[in-house]
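Subject: A structure for you to explore

Hi there,

Here is the structure I promised to pass on to you. Please open it beside this email and look up each residue as you read.

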Amino acid sequence: MDRAELERIIAAHAGRKGPLLPILHAVQHSFGCIPPEAEAVIAKALNLSRAEVHGVVSFYHDFTSAPDPRPVIELCRAEACQARGVEQLVEAAQDAAGERVRIKTVYCLGLCSSGPAARHGDSLHARLDEAALVDLVKSA
């Protein structure tokens with residue numbers, strides 16, 4: 001963990017109202033995880049207990065305590081995408097992913113009228129059918 005980077009992130013958000021979640025998101029983005037030793041530093045900076053910080057980290061699925069080097073495909077499984085057939089695509093996506101790609105369920109990518117939808121990195125993909133989703137997974 002880069003202590004200077006962690007302190008920069010904390011300083012950038014410390015003056016905000018409710019800075020914990022923005023700090024945790026920035027740390028997750030920068031380090032690929034929330035290292036356990038970062039929880040103590042964040043807690044001290046925000047005058048919280050380490051248990052309070054760890055409780056938030058362990059509650060939200062977006063935060064991990066160890067980096068996962070695999071590429072991630074976020075697959076929307078909210079009601080609108082379900083109505084457009086996403087559940088019929090899940091098994092093919094998981095088969096194509098194997099252990100090489102992580103398929104992460106999310107609930108709403110904001111493409112409700114053009115689902116099923118997925119995101120890889122900053123790229124959104126809409127109107128997916130089985131072939132298009134499998135291609136996306138294989139290209140990740």
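The accessible surface of the protein comes to about 8,100 Å², and 51% of that area belongs to carbon and sulfur atoms. Accessible areas come from the Shrake-Rupley method with a 1.4 Å probe, and for residues only the protein chains shown count as cover. Please keep in mind that this is a predicted model, where local features need pLDDT of at least 70, side-chain atom pairs count only at pLDDT 80 or more, and totals for chains, interfaces and linings use all residues. Residues are numbered from 1 along each chain as its sequence is written, and side-chain values use heavy atoms, with hydrogens and water left out.

Now the overall picture. The protein has seven helices and four strands, and along the sequence they follow the pattern α-α-α-α-β-α-α-β-β-β-α. Helices (H or I, at least four residues) and strands (E, at least two) are DSSP runs, numbered from the N terminus. Taken along the principal axes, the C-alpha atoms fill a box of roughly 50 × 30 × 25 Å. Of the 140 residues, 38% count as buried. Here buried means under 20% relative accessible area, exposed means over 50%, and partly exposed is in between (1.4 Å probe, protein chains only). Contact means heavy atoms within 4.5 Å; among contacts between residues at least 6 apart in sequence, 65% join residues at least 24 apart.

Next, the charges. The protein has 15 positive and 18 negative side chains, and the centres of the two sets lie 5 Å apart. Lys and Arg count as positive and Asp and Glu as negative, while His and the chain ends are not counted. The place of a charge is taken as NZ of Lys, CZ of Arg, CG of Asp or CD of Glu.

Side chains of opposite charge can pair when their charged atoms come close. A salt bridge is a side-chain nitrogen of Lys or Arg within 4 Å of a carboxyl oxygen of Asp or Glu, and by this rule the count comes to nine salt bridges. Let me walk you through some of them.

E39 is buried, with a relative accessible area of 2%, whereas R50 is partly exposed at 40%.

D62 forms a salt bridge with K104, and their closest N and O atoms are 3.0 Å apart. This pair links distant parts of the chain, 42 residues apart: D62 is in the loop between α4 and β1 (72-76), and K104 is in strand β2 (residues 102-106). D62 is partly exposed at 42% relative accessibility, while K104 is buried at 15%.

E74 and R119 also meet in a salt bridge (2.5 Å, N to O). E74 lies in strand β1 and R119 in strand β3 (residues 118-120), so parts 45 residues apart in sequence are tied together. E74 is buried at 15%, and R119 is partly exposed at 29%. Salt bridges that share partners join D62, E74, K104 and R119 into one network.

Patches are made of residues with over 30% relative accessible area and no salt bridge, where like charges are joined within 9 Å and nonpolar side chains (Val, Leu, Ile, Met, Phe, Trp, Tyr) within 5 Å. L21, F59 and Y60 make a nonpolar patch of about 300 Å². L21 lies in helix α2 (residues 20-31) and is partly exposed at 33%. E91, D95, D129, E130 and D135 form a negative patch, to which α6 (90-97) and α7 (130-139) each give two or more residues. E91 is in helix α6 and is exposed at 56%.

Finally, some backbone details. A cis peptide bond joins G115 and P116, with omega about -5°; P116 is in the loop between β2 and β3. C108 is also found in the loop between β2 and β3, and its phi is near 95°, a positive value in a residue other than glycine. N47, in the loop between α3 and α4, has a positive phi near 60° and is exposed at 71%.

Happy exploring!
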